[in-house]
Amino acid sequence: EDELRGKVVWVTGASSGIGEELAYQLSKIGAFLAISARREDEVEIVKKKCLEISSLSEKDILVLRLDLTDRSSHEAATNSVLKHFGKIDVLVNNGGRSQRSLFVDTNLDVYSAIMELNYLGTISLTKHVLNHMIQRKKGKIVTVSSVMGIMGAPLASGYCASKHALQGFFNSLRTELTDYPEISVINICPGPVQSKIIQNVFTENLAKSLENSGDQSHKMPTDRCVRLTLVSTANDLKEAWISDHPYLAVCYLWQYAPTWAWWLMNRMGKRRIQNFKSGVDADVSYSRKQK
């Protein structure tokens, strides 16, 4: 709380899920907020609740419509936040979409759209904000990646690719900023979390939405994921894996014993595909039901 209170935090993808919960918890801490998403009306609803649950005033929360795929708008958006608050202490790159489709069934334009949104949109916005942080010689760049940025999994080949790209990019960027020790680059890798991300996933073609997202209650509660994300941010962790088992255990296998991880994922992957095809959540077999 002491580390983030009074800081200007810009959260993308703030209309639902992890981004929405980040806005609520940050407002309670007393951080000043810029909250963005494509759906400005939904972000206004998030702002209203933030004002109800915190001591922040109207001017302490800026709602800013942002389309990550419209890279030409990112400089103006950054300038709007700077004009309102005078600075950006923390950028939380949270906007993005997941995927539920097999590669053999999926049009290539879906992969292009995933990379445009999750990867290129994120690094475009980061570039403009980083220029400001370099001038100030301090700041935090927090990117919500995924355990899928560490491992591979069926039904999410494009999503995994975009998150692997983010991991590689920000790990490289960190090494370019050694002359700025007060600029932190933080990668957050959540496992399955209760959010609306599954309802908005890419499928085998851009015009099709997921017919049945399945029960999500077995996944980590969003508020716990966000609390651990903020703890990681406050303590400048370079990378945080935020997940329940068995996904956390698989991350360690993938990192330290990849041959075993490939064998295990082949077995788990078959069940994941079977779950998806039968209309239940792909990950339901591997998590304990939350009470």
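Start by selecting Lys208, which is partly exposed, with a relative accessible area of 33%. The model on your screen is predicted.

**Stop 1: Lys208 and its partner**

Show the side chain of Glu204 as well. Lys208 and Glu204 form a salt bridge, 2.6 Å from N to O. Glu204 is partly exposed too, at 21% relative accessible area.

**Stop 2**

Select Arg39 and Glu42 next. Their side chains meet in a salt bridge of 3.8 Å, N to O. Arg39 counts as partly exposed, at 33% relative accessibility. Glu42 counts as partly exposed at 28%.

Move on to Arg71 and Glu116. The closest N and O atoms of this salt bridge are 2.8 Å apart. Where do the two residues sit? Arg71 lies in the loop between strand S3 (61-65) and helix H3 (74-85). Glu116 belongs to helix H4 (residues 108-136). The pair therefore ties together parts that are 45 residues apart in sequence. Color Arg71 by accessibility and you will find it partly exposed, at 38%.

Now pick three residues at once: Glu3, Lys140 and Asp236. Salt bridges link them in a network.

**Stop 3: the largest nonpolar core**

The largest nonpolar core holds 33 residues. Which of them touch the most other members? Select Val9, Val11, Leu22, Leu26, Leu33, Ile35 and Val92. Then highlight helix H1, residues 17-29. Helix H1 gives this core its largest share, 6 residues.

Center the view on Val92. Leaving aside residues up to four places away in sequence, what does Val92 touch? Its contacts are Val9, Trp10, Val11, Thr12, Leu22, Val142 and Val144.

Another core, of 29 residues, lies apart from the largest one.

**Stop 4**

Select Cys189 and Cys251. Are these cysteines buried or exposed? Cys189 is buried, with a relative accessible area of 0%. Cys251 is buried as well, also at 0%.

Draw a distance between the two sulfurs. For Cys189, the closest cysteine sulfur is the one in Cys251, 7.4 Å away. Seen from Cys251, the closest cysteine sulfur is that of Cys189. A disulfide is a covalent bond between the sulfur atoms of two cysteines.

**Stop 5: helix H8**

Finish at helix H8, residues 258-277. Helix H8 has 20 residues. From first C-alpha to last, H8 reaches 27 Å, close to the 28 Å expected at 1.5 Å a residue.

Which residues of H8 are buried? Select Ala261, Met265, Met268, Gly269, Arg272 and Asn275. Then show helix H7 (247-256), which is part of what covers these buried residues of H8.

Last, select Gly279. This glycine follows H8 and has a positive phi, near 95°.

Terms used:
Residues numbered from 1 in each chain as written. Predicted model: local features only at pLDDT ≥ 70, side-chain atom pairs only at ≥ 80, totals over all residues. Heavy atoms only, no water. Core = buried A, V, L, I, M, F, W, Y, C linked by side-chain atoms within 4.5 Å. Buried < 20%, exposed > 50% of the residue type's maximum accessible area, 1.4 Å probe, protein only. Helix = DSSP H or I, 4+ residues; strand = E, 2+ residues; numbered from the N terminus. Contact = heavy atoms within 4.5 Å. Disulfide = S-S within 2.5 Å. Expected span 1.5 Å × (residues − 1). Salt bridge = Lys/Arg side-chain N within 4 Å of Asp/Glu carboxyl O.
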